[in-house]
Amino acid sequence: MNEVISTVVANGIWATMFVFLLVYELKDSRKRETRYTLTIQALSDRLSAVNEIKLESKDIKSDTNSIKSDTGRILVAVEKRRERLPKSEGAV
């Protein structure tokens with residue numbers, strides 16, 4: 001305790017307060033940096049999940065367009081077949 005008092009008297013209270021605040025800020029900024037790193041990691045994980053969903057939705061859209069195209073071709077084939085049938089056979 002005597003050493004602290006002698007340091008304060010020798011260097012002045014302002015110098016001692018400056019050192020105390022500097023050390024406090026360094027410790028605080030280290031904690032803040034850790035929190036920021038964790039936040040960035042969590043956001044990065046979520047972004048990769050969003051990108052996976054985006055790719056899956058593109059696949060689903062492609063499959064849907066393929067089904068739509070196939071359905072259109074089937075309808076055209078059915079209509080052509082109906083045209084070739086005699087009128088009495090085509091009526092249901």
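**Terms and model.** Buried means under 20% relative accessible area, exposed means over 50%, and partly exposed lies in between, with a 1.4 Å probe and protein chains only. The structure is a predicted model, in which local features need pLDDT of at least 70 and side-chain atom pairs count only at pLDDT 80 or more, while totals for chains, interfaces and linings use all residues. Residues are numbered from 1 along each chain as its sequence is written, and side-chain values use heavy atoms, with hydrogens and water left out.

**View 1. Confidence along the protein chain.** The pLDDT, which is the predictor's confidence in each residue on a scale from 0 to 100, averages 86 over the protein chain, and 91% of the residues score at least 70. Helices are DSSP runs of H or I with at least four residues, numbered from the N terminus. Confidence is highest in helix α2, at a mean of 91, and lowest in helix α3 (residues 87-90), at a mean of 60. Where pLDDT is low, the predicted coordinates should not be read in detail.

**View 2. A nonpolar patch that includes Phe-18.** Patches are made of residues with over 30% relative accessible area and no salt bridge, where nonpolar side chains (Val, Leu, Ile, Met, Phe, Trp, Tyr) are joined within 5 Å and like charges within 9 Å. Accessible areas come from the Shrake-Rupley method with a 1.4 Å probe, and for residues only the protein chains shown count as cover. Phe-18, Val-19, Leu-22, Val-23 and Leu-26 form such a nonpolar patch on the surface, and together they have about 460 Å² of accessible area. Phe-18 lies in helix α2 and counts as exposed because its relative accessible area is 55%.

View 3. Arg-32 pairs with Asp-28, their closest N and O atoms being 2.8 Å apart, and both residues lie in helix α2, four residues apart, about one turn of the helix. Arg-32 is partly exposed because its relative accessibility is 28%, and Asp-28 is partly exposed at 24%. Arg-73 and Asp-70 meet in a salt bridge with 2.6 Å from N to O; Arg-73 is exposed at 53% relative accessibility, whereas Asp-70 is partly exposed at 33%. Glu-79 forms a salt bridge with Arg-82, with the closest N and O atoms 3.7 Å apart, and these two residues of helix α2 are three residues apart, about one turn of the helix.

**View 4. Patches of like charge.** Lys and Arg count as positive and Asp and Glu as negative, while His and the chain ends are not counted; the place of a charge is taken as NZ of Lys, CZ of Arg, CG of Asp or CD of Glu. Lys-27, Arg-30, Lys-31 and Arg-35 form a positive surface patch, in which Arg-35 is partly exposed because its relative accessible area is 49%. Arg-35 has its place in helix α2 (residues 13-84). A negative surface patch is formed by Glu-52, Glu-56, Asp-59 and Asp-63, and Glu-56 likewise lies in helix α2.

Note on methods:
A salt bridge is a side-chain nitrogen of Lys or Arg within 4 Å of a carboxyl oxygen of Asp or Glu.
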